[in-house]
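Work through the exercises below with the sequence and the model side by side. Try each task before you read its solution.

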Number of protein chains: 2
Amino acid sequence: MTRPADNAEAAGAAEQRREQMLRAALDVIMERGYADTRIADVAEHAGTSPALVIYYFKTRDQLLTEAIGYAEDAWYATGVQRLAAIPAAAGQLTELIAMTCLPDTDPLPRGEWLLWLDLWALSPRNPGVAAVRRKFDERWREAIRTIVLAGQEAGEFSPVDADEFAITLSALLDGMAVQIALDDPDVQPPRAYDLAMRYAAGQLGFDWKPASARDRRSQGRR
Amino acid sequence: MTRPADNAEAAGAAEQRREQMLRAALDVIMERGYADTRIADVAEHAGTSPALVIYYFKTRDQLLTEAIGYAEDAWYATGVQRLAAIPAAAGQLTELIAMTCLPDTDPLPRGEWLLWLDLWALSPRNPGVAAVRRKFDERWREAIRTIVLAGQEAGEFSPVDADEFAITLSALLDGMAVQIALDDPDVQPPRAYDLAMRYAAGQLGFDWKPASARDRRSQGRR
DNA sequence: AAAGTTTGACTGAACATTCAGTCTAGATTG
DNA sequence: CAATCTAGACTGAATGTTCAGTCAAACTTT
């Protein structure tokens, strides 16, 4: 009944195995989609046997759900980290929008977004996934809200309603994410970024000029 | 190889069978989700046997894909019809936004939106579904563009870039649709509607005052 | 018009496959 | 050696699809 690995010392090797499997699961999910992710695929990707996967995650659903949660937590964590390194609220908001619109991870460019699509499609019938999504959404919206309030405090932003702005912007970003995930030729990442930024800058009344095409990739992110 | 029904007279009974099955498929998809829709379920829902379903739609995937296309076409058709009955561009845009934000079909309130989530999640790996989505998206965006251009022609709207507005608004509406589909308590239909309308009115510079709560349901739609 | 013939809609019973999850026996480690 | 871990083979259930026909209606032929 207890999790297989509770070795206290040195973040047990078992814990590493777990994460290895979670990452393997994510790879497969992003490639084949949640519905077509077989335990055998994950096992192979992780260089082990199906039995071991079940040994660590009692059930397939738990493995996949946990994997999605793992991915979202990781995404959020790097987000917080990046934002913390930026002083002005306008810069933070810019980075936040860039994170949703401009892909930067090498493996499977659109992987993260495809994961969101699965996440949404699964949520209505899978309470575990729904919980992950809910938390993810809430945190993200709260992040926007906080930035807006800070920016208003500092006099950078106009006094719009922070809650409503957060909801609207996050909806807009979700919509852009859909287009990016589905590789819509009319809404490529740079354009999605421009449009979202134009909305944010317009609403909050801060200056922002579209970067020229050649600068777009190197906007202070590595 | 030919379609089962080519009886010229009276829209063949076979064609009715087909539609009956498509609708049954939609019911099941909205209830269980695409991935968990068994052809046995569809058959039962349509009062026939699995074999007959396959008889009409060579394969499960074709049935489901066709069902989704069927639904989207129907949705678009009623949309066009409704919009055609409205004179002013501002009214048309309002109706369009209402259609995406405010549910009005009795059966399975959020059904249509849940279908979109499946549509999106399926698109990356299912060319047939991807084609349906692409067409759907394009038509919808084009509808927005046309309304905007007409409104500008008539002097109702500010001269914003119609293409960019269409992309941004449709992304915003997609995002709102996600929240509505997932029944997010912070983004209920009326609020989504208000926020989207505020964006549209703000950008295009037409007057719009939030309807009071009690008026919202009866805004000239039946 | 009666007898045969074709055609398309439909069915029940198999078939074949795919997988999640189990079992057992062996390896590893402390 | 005892506890933990690992893997390959296996099983049982679910389910998409096929198939060999049945049935009724329309059409042809005599």
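This is a predicted model: local features need pLDDT of at least 70, side-chain atom pairs count only at pLDDT 80 or more; totals for chains, interfaces and linings use all residues.

Residues are numbered from 1 along each chain as its sequence is written, chains are lettered from A and ligands numbered from 1 in the order in which they are written, and side-chain values use heavy atoms, with hydrogens and water left out.

**Exercise 1. The surface near the DNA**

Solution. Start with the cut-off: a residue is near a strand if one of its heavy atoms lies within 4 Å of it. Sugar and phosphate make up 79% of the atoms of DNA strand D that come within 4 Å of the protein.

Last, find the element that gives the most. Helices are DSSP runs (H or I, at least four residues), numbered from the N terminus. Helix α3 (residues 50-56) of chain A gives the most, with four residues.

**Exercise 2. Phosphate contacts**

Task: find the distances from phosphate oxygens of DNA strand D to Tyr56(A), Thr59(B) and Arg60(B).

Solution. A polar contact here is a pair of N or O atoms within 3.5 Å. Take the side chains, then the backbone.

- Tyr56(A): a side-chain N or O atom is 3.1 Å from a phosphate oxygen.
- Thr59(B): a polar side-chain atom lies 3.5 Å from a phosphate oxygen.
- Arg60(B): here a backbone N or O atom lies 2.7 Å from a phosphate oxygen.

**Exercise 3. Aromatic rings**

Task: count the aromatic pairs over all chains, then describe examples.

Solution. A pair of aromatic rings is described by the distance of the centres and the angle of the planes. Rings of Phe, Tyr and Trp (its six-membered ring) pair if their centres lie within 6.5 Å; planes under 30 degrees apart are stacked, over 60 edge-to-face, and the rest tilted. The count comes to 21 aromatic pairs over all chains.

Tyr55(B) and Tyr56(B) are edge-to-face, 5.4 Å centre to centre, with 90° between the planes. Tyr55(B) is exposed at 57%, whereas Tyr56(B) is buried at 12%.

Trp75(B) and Trp116(B) are also edge-to-face, 5.6 Å centre to centre and 85° between the planes. This pair links distant parts of the chain: Trp75(B) is in helix α4 (residues 60-84) of chain B, Trp116(B) is in helix α6 (residues 111-122) of chain B, and they are 41 residues apart. Trp75(B) is buried at 10%, and Trp116(B) is buried at 3%.

In chain A, one aromatic cluster is formed by Trp75(A), Tyr76(A), Trp113(A), Trp116(A), Phe136(A) and Trp140(A).

Finish with charges over rings (NZ of Lys or CZ of Arg within 6 Å of the ring centre and within 35 degrees of the ring normal). Arg139(A) lies over the face of Tyr76(A), 4.1 Å from the ring centre. Arg139(B) lies over the face of Tyr76(B), at 4.1 Å.

**Exercise 4. Cysteines**

Task: how many disulfides does the structure hold?

Solution. The test is a pair of cysteine sulfur atoms within 2.5 Å. The structure holds zero disulfides over all chains. Cys101(A) is buried, at 0% relative accessible area. Cys101(B) is buried, also at 0%.

**Exercise 5. Phi of Asp183**

Solution. Most residues other than glycine have a negative phi. Asp183(A) has a positive phi, near 60°. It lies in the loop between α8 (162-181) and α9 (189-204) of chain A, partly exposed at 46%. Asp183(B) has a positive phi near 60° too. Its place is the loop between α8 (162-181) and α9 (189-204) of chain B.

Notes:
A polar contact is a pair of N or O atoms within 3.5 Å; within protein, one must be able to donate a hydrogen and the other to accept it, and residues adjacent in sequence count only if both atoms are side-chain atoms. Helices (H or I, at least four residues) and strands (E, at least two) are DSSP runs, numbered from the N terminus. Buried means under 20% relative accessible area, exposed over 50%, partly exposed in between (1.4 Å probe, protein chains only).
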